[in-house]
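Thank you all for coming; I would like to walk through one structure with you. Please keep the sequence and the picture in view while I talk.

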Amino acid sequence: MDQLVLKIKVVKCIALKRLNVSPIKKADPYVIVQVEGNVASTGVKEMSLEPIFNESFSFVVSGDFLEKEKGIVTFKVCHHDGGQGKLMGEISLPFAKLVDGINRQGIYASRTLVGQVVFSVTKTTLVNQYVRMKSEALEQKRRLNDKKPKPKMSPSQRVKTPGTPSPKPSPSPYTPPKPLPASPSPAPPVAKP
């Protein structure tokens, strides 16, 4: 079965609830994305209840991930509190509900909405990704070749297209030497009487 590359870009969180840590302090949020046992995390955005992340992660999953009930993608929004994280809220979504493009989902803590996470999803098979990478490499090579200066060709190297007159050869500065005049052949010996 084909393998699938699932690219998830965590765009931002919206309207996160203030933590009970301090009435002044907002939060230092980050997002953990979990797909089929693989985990990735965004960076921490300090003092924000509307953090913008714009961070992408790629996960390679088996093709049957689509069909299994285990096909779950989990987003956890946590508050960075010194060396440890405190869970602010999370949402687990069946893979089948994810659509290519922008998604917006509520984040919950004990069934209470604590904000939203905005993310985009792109799904491709590894075969398609290989073909795309190969075609991009060929296109880049073609562009590099187009930038190279073309060597100048002499008229004899140019390809003649049908229906166009051949170029007249240019006079050469070299002229071959003229042949020497033929020397007279020696006279036959005369007999003496």
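This is a predicted model: local features need pLDDT of at least 70, side-chain atom pairs count only at pLDDT 80 or more; totals for chains, interfaces and linings use all residues.

Asn54 counts as partly exposed, because its relative accessibility is 43%; here buried means under 20% relative accessible area, exposed means over 50%, and partly exposed lies in between, with a 1.4 Å probe and protein chains only. You will find Asn54 in strand S4, and although Asn54 is not a glycine, its phi is positive, at about 50°. Residues are numbered from 1 along each chain as its sequence is written, and side-chain values use heavy atoms, with hydrogens and water left out.

Ala15 sits in the loop between S1 and S2, and it counts as partly exposed because its relative accessible area is 42%.

Let me now step back to the whole chain. Its secondary structure comes to one helix and eight strands, where helices (H or I, at least four residues) and strands (E, at least two) are DSSP runs numbered from the N terminus. Along the sequence the pattern reads β-β-β-β-β-β-β-β-α. The chain has 193 residues, of which 27% count as buried, and it exposes about 14300 Å², with carbon and sulfur atoms supplying 57% of that area; accessible areas come from the Shrake-Rupley method with a 1.4 Å probe, and for residues only the protein chains shown count as cover. If we take contacts between residues at least 6 apart in sequence, 56% of them join residues at least 24 apart, a contact being heavy atoms within 4.5 Å.

Which residues have the most contacts inside the largest nonpolar core? They are Ile8, Val33, Val73 and Phe75, in a core of 30 residues; such a core is a set of buried Ala, Val, Leu, Ile, Met, Phe, Trp, Tyr and Cys residues joined through side-chain atoms within 4.5 Å. The elements that give two or more residues to this core are strands S1 (3-14), S2 (29-35), S4 (52-62), S5 (72-81), S6 (84-94) and S8 (112-125), and the largest share, five residues, comes from S1. Setting aside residues up to four places away in sequence, Val73 touches a list of partners including Leu6, Ile8, Val33, Ile91, Leu93 and Phe95.

Turning to S5 and S6, these strands pair in the antiparallel sense over 10 bridges, and pairing requires that DSSP finds at least two bridges between two strands. Their hairpin has two residues between the strands, and there Gly82 takes a positive phi near 70°. Cys78 stands opposite Leu87 in S6, and Cys78 is buried because its relative accessible area is 7%. Cys13 is buried as well, since its relative accessible area is 1%. How many disulfides are there? The count comes to zero, a disulfide being a pair of cysteine sulfur atoms within 2.5 Å.

I will finish with Ser48, which lies in the loop between strand S3 (38-41) and S4. Ser48 counts as buried because its relative accessibility is 15%, and, leaving aside neighbours within four places in sequence, Ser48 is in contact with Lys26, Ala27 and Pro29.
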